[in-house]
Structures are given as C-alpha cells and as structure tokens.
Amino acid sequence: MERVDKMKNGILSGAMKIQNNNYMRAISNAMMGLMPVMMISSIASLINAIDVGGSQQIMEQIGIKALLTQVNAMTIDVISVYVAFLVGYKLAEILKADMLNAGLMSLVSFLILSPVSLLEETKVLKMETLGSGGMFVAMFGGLIGARLYIWCVKKNLVIRMPESVPPIVSKSFAAIVPAVIVSSTMGAVYVAMTLTPYGTLTNMIYTWVQAPLTSLGANVITCMVIVAFIEFLWFFGIHGVLAVYPVLMLVFYEPGLANLAAYSAGEALPHLFTIGFILNNRGARSFAVALLAIFSCKSQQLKAVGKVGLIPSMFGISEPIKFGVPQVMNMRMIVPLMLTPAVSVLSAYLLTIVGFLPYHNGVSIPTGFPVIFGGFLINGWQGIVAQFIQFVLCVAIYIPFMRSQDKAALAEEKAVAAKEAAEAVAVVVEEA
C-alpha cells in the first residue's frame, strides 16, 4: 500500500506540474478559448460538404458556397492569428496583468515573426503561415511577446500619465515603451533568422519542433499508450484528459487543424492521427460498464451505480461510474480501465487503414456530445459503425472483470446483511 501511495503521489506531482505550469496553462486555455471559432468553422465545413442531389449547385447559385468559403477563410485559414492573441491574453490572465495589451503584444510578435512575401510588388502574408502551419510560431511569439510586455510593466518601463488622464488613455500610453521593446526584440529575432539556413523562425520551428512532434504522434502505438495512460491517471483519481491536455495540444492539435482546413477546401485529409481521433475513439467505456452493472450484475450497489451513471455516461461523463463502481483505486478494474480505450483506438486505426473509416475531418464537437452522434459528425455513418464496434469491444472486455467485481460486492452486501441480522437478533434477545 505504501508503494502504491508513493507511485500515486509521484504521478500526481508530475501531472500537476505539467497542468499548473503557467505557460502550458496559457497554451491549453488558449486552445479551449478557440472553441467558438472552431465551432463556427466546423459548422461551415459540415454544411459546405453536404452533397445530396443538386445541393452543391443550389448553394453555389444562391451564394451560400461563397459565404461558407469566406467564413472558413477568416476562421480556420487564419487560426494562428487567434492563437497568438489568446495565448498572450490567457498568460496575462494567469499572471494577473493587463490582458488586452498582453494579447495585442502577442499578436504583434507573431505577425513580426511571420515571413512576408512579394506578390506583384505587393507585400503579402502567406495563408499557410497564418493557418495551422503557423501554430507553433504563434505559441512561441505569443508567450515571449506577452511575457516580455508583462516584465516591462513590472519593471516600470512605462510612461506614467497624471491621475487626471482617463484610465483608457493612461493604459495606452503605458503600453508604448513595452510595445517598442517587444516589437524591437521580435524584429531582431526575425532579422537574425534571415541569416540562418532556415530563413525564418517558421521554418526553424517546423524543422526542430513541429515536424518531430507530429512524427512522434503519427503512429498507433503512441496513441494507444496515451489513452491507456489517461485512464491510468484516472485509477489514482486524477482527471487524465486535463492532466495530459497540454501535451495533446502540442502534438495533435495542429494535425487536426490541417485536416479541418483540407476538409473545408474539399482536399484530401493529410493526417490520420489527430486530437479528435484520439479523444473520440476511446470507446463508450463507462456506458458499457453502466449497462453491465444494470443488466448482468446481481449486486444492488452496482445496479444502483449503473442506473445513476447510465445517462451521464451516454454524454461522456464518466465520474459517476469511475467513483461509484469504483474504478478508482480498485485493482480489479485497472486492466479493463486501461485496455478498453487502447483497444478502441486500435480498432479505429484498423478500420481506417482498411479503407472503411475516413480520416478525422478536424470538426470540433463540444464535450458532452453523445458518442454515436459525435461519431456521425466527424466520420459520417462510418463513424457510427466504428463507435458501435468500440462499444461492443468495451462490453466484451469488461464482462469478466465486472463479474469479479459483482461477486466481491455481493459478498460484501451479504456480510453487511448478516451483521445487521445478528445485531437485530441480539437486540430482540436483550429486550426479551
């Protein structure tokens, strides 16, 4: 037990360090803040992809296609612009600094670092550097720009205005010196990068960071290990997804954005492994456990837990099952807890490589979507079939373990009932 406690404390400490790191939190919170933009783009992409009868021609004629194209162009195609602002904004929020100016400095930093091209004597920014391809530069520029701005403010490198000046004017003047320092620093970095073989920071980060991270996540074994580890953290009562979310963002978010951009443009999807592929193909594990508890278990406790957790588990809320069975700190449950998501991901991979399941289209769905409906949105009718297969696999894996848990719960219930009966007899005898 002491070893388990030490392991739990060590894992919890490591997970909390990642989760509570200010810069990782800023990135993670920024990505979560992107949800409205991603939902707009996802909805536009789904409507744009409808091809029933002459729907495409009709949408073209009445202008809907042009509208949807413009919506996508100003959302997913320039997603790094939003990332840059939000990263600085969220970092300032965490460090309790001026969020608006920090966000602006982050955006300025990203744009200064972005390469400019000439097109018929006109300076232009390439869309690929503003879209998913510029994601890591946006994160880097956003964090450095915001942090440098906050440092300047804390060191009083600002212009102070008299108290009679309105606050909005005072804040604007206070940002001038930090803005000059931030923009000069980023400009120096941009010029320095032109002297390297990479030419731009975008190329260097892609070579040294983005490409290796994408390659690291571009295999099914990595995905299976990740989803198993998420549930391993749950075994100790740690919210697995929240603990590893910053890492998931760094490795798998950009491929998902690239897929959504390609899907919106009607092009072939480039990436199999995305954050959506991982999080949406872990199987309806808790729903499987809830049904088994209700219909195959004899224990009243498990039946009650199954009834309480059935509806939440349909919407991806697993806590009633995890803490009610319990699966947390229960050695009987650790094997299926980790095995079911790994097998589910493997099944999705196999269905994909045989040509049945399409690549994840990058469409974002908010937490709480029913698993089957979510499968339809991201993979069409094939997604429904895939998630049903995953559900069946989860049920099959859990059957022997739930039987074992049921026997233990029944034995405990019988022991409690026997104890209560003995106490009742003792009371009757005493009264007699």
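Tutor: The domain assignment divides the chain into domain 1 (77–213) and domain 2 (220–422). The model is predicted.

Student: What separation do the centres of domain 1 and domain 2 have?

Tutor: Taken over C-alpha atoms, the centres of domain 1 and domain 2 are 39 Å apart.

Student: How do you know that domain 1 and domain 2 are in contact?

Tutor: Contact requires heavy atoms within 4.5 Å. Nine residues of domain 1 are in contact with seven residues of domain 2, and about 640 Å² is buried between the two domains, 73% of it on carbon and sulfur atoms.

Student: Which helices supply at least two residues of the side of domain 1 that touches domain 2?

Tutor: Helix 9 (135–154) and helix 12 (201–217) each do. Helix 9 gives the most, with three residues. By class, that side of domain 1 has five nonpolar, three polar and one charged residues.

Student: Why is Q390 called buried?

Tutor: Buried means under 20% relative accessible area. Q390 has a relative accessible area of 1%, so Q390 is buried. Q390 lies in helix 21 (residues 381–431).

Student: Which residues is Q390 in contact with, leaving aside its neighbours within four places in sequence?

Tutor: Q390 is in contact with N280, N281, G283, S344, S347 and A348.

Definitions and conventions:
Residues numbered from 1 in each chain as written. Predicted model: local features only at pLDDT ≥ 70, side-chain atom pairs only at ≥ 80, totals over all residues. Heavy atoms only, no water. Domains from an automatic or database assignment. Buried area = accessible area lost by both parts, 1.4 Å probe. Helix = DSSP H or I, 4+ residues; strand = E, 2+ residues; numbered from the N terminus. Nonpolar A, V, L, I, M, F, W, Y, C, P; charged D, E, K, R; others polar. Buried < 20%, exposed > 50% of the residue type's maximum accessible area, 1.4 Å probe, protein only.
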